[in-house]
Amino acid sequence: MSESFTIQIHSNLVKQLADEGEKLKKKTRKPKTKIQRENKPEHANVHQKPISRDTDVAKGPAATGWPVQPPLFMPVPPPPHPAIAELDAIRSVLKESVEVVEKLQKHEENLLQEVTKKAKDLHDKEFKLPNQKPIPCVDERDACLKCYKENEKDPLNCANVVQNFAECARRVKQQVSLVDK
């Protein structure tokens with residue numbers, strides 16, 4: 001028992017339905033089902049659609065679109081495997097770079113210590129006084145000077161001290177002459 005009916009839809013109705021999305025305040029009328037009469041000629045701007053005979057007719061205003069639903073939050077999927085591999089490669093290169101920097105810093109510290117030590121050695125050699133021979137008879141000479149200062153008015157009192165200084169000088173002179181030969 002499935003009878004099919006034909007409904008004629010005028011182009012103005014189609015236009016009105018299309019404009020309905022823009023004009024939400026306007027209420028739409030329920031479309032009335034018309035049975036096509038065989039006697040009426042068809043108009044050029046009339047469309048025909050076969051509709052099955054259902055008792056379920058949309059009630060209320062015509063649908064203006066999909067109902068607004070709250071946003072759906074989906075969990076972010078993990079990045080694809082190539083991105084993880086690329087990140088791992090970057091991390092490994094970064095780790096190697098850090099290790100190289102640490103090695104270079106240690107090497108720099110060692111070189112700095114070596115250079116500092118060599119600079120100190122060179123400085124000591126450059127500014128070191130040459131091997132000096134000890135001044136002979138220093139004690140006797142100091143004793144003479146002291147005696148002369150104490151006995152400014154009577155320097156003859158320092159004869160013994162002067163004689164000791166002269167003896168020391170004579171001995172040194174003999175030693176030097178023996179070494180030169």
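**Basis**

Residue numbers start from 1 along each chain as its sequence is written, and side-chain values use heavy atoms, with hydrogens and water left out. In this predicted model, local features need pLDDT of at least 70 and side-chain atom pairs count only at pLDDT 80 or more, while totals for chains, interfaces and linings use all residues.

**Fold and surface**

The chain holds 4 helices and 2 strands. Helices (H or I, at least four residues) and strands (E, at least two) are DSSP runs, numbered from the N terminus. Along the sequence, their order is β-α-β-α-α-α.

The chain has 181 residues, and 4% of them count as buried. Buried means under 20% relative accessible area, exposed means over 50%, and partly exposed lies in between (1.4 Å probe, protein chains only). The accessible surface is about 18200 Å². Carbon and sulfur atoms hold 58% of that surface. These areas come from the Shrake-Rupley method with a 1.4 Å probe; for residues, only the protein chains shown count as cover.

Contacts are heavy atoms within 4.5 Å. Take the contacts in the chain with a separation of 6 or more: 73% of them join residues 24 or more positions apart.

**Confidence**

The predictor's confidence in each residue is its pLDDT, from 0 to 100. The chain averages 77, and 70% of the residues score at least 70. Among the elements, α3 has the highest mean pLDDT, 93. Strand β2 (residues 46-52) has the lowest, 49. Residues 38-47 have pLDDT below 50, and this stretch has 11 contacts in the model beyond near neighbours in sequence. Residues 52-60 also have pLDDT below 50, with 4 contacts beyond near neighbours in sequence. Where pLDDT is low, the predicted coordinates should not be read in detail.

**Disulfides**

A disulfide is a covalent bond between the sulfur atoms of two cysteines. Here the criterion is a pair of cysteine sulfur atoms within 2.5 Å. A search of the whole structure finds 2 of them.

C137 pairs with C168, the sulfur atoms lying 1.7 Å apart. C137 sits in the loop between α2 and α3 (138-150), and C168 in helix α4 (residues 159-180), so the bond ties together parts that are 31 residues apart in sequence. The torsion about the S-S bond is -95 degrees, and the link of C137 and C168 is left-handed. Both C137 and C168 are buried. C137 has a relative accessibility of 9%.

The backbone at C137 also deserves a look. Its phi is positive, about 60 degrees, although C137 is not a glycine. Most residues other than glycine have a negative phi.

C147 pairs with C158, the sulfur atoms lying 1.8 Å apart. C147 belongs to helix α3 and C158 to the loop between α3 and α4, so this bond ties together parts that are 11 residues apart in sequence. The S-S torsion of C147 and C158 is about -100 degrees, so the disulfide is left-handed. C147 and C158 are both buried.

With the bonded cysteines of the chain numbered in sequence order, the pairing reads 1-4, 2-3. C144 is in no disulfide. The nearest cysteine sulfur to C144 is that of C147, 7.3 Å away. C144 is buried, at 7% relative accessibility.

**Salt bridges**

Side chains of opposite charge can pair when their charged atoms come close. A salt bridge here is a side-chain nitrogen of Lys or Arg within 4 Å of a carboxyl oxygen of Asp or Glu. The structure holds 2.

| Salt bridge | Closest N and O atoms |
|---|---|
| R91 and D88 | 3.6 Å |
| D142 and R141 | 3.8 Å |

R91 and D88 both lie in helix α2 (residues 81-127). They are 3 residues apart, about one turn of the helix. R91 counts as exposed, because its relative accessibility is 53%. D88 counts as partly exposed, at 41%.

In the other pair, D142 is partly exposed, with a relative accessible area of 38%. R141 is also partly exposed, at 40% relative accessibility.
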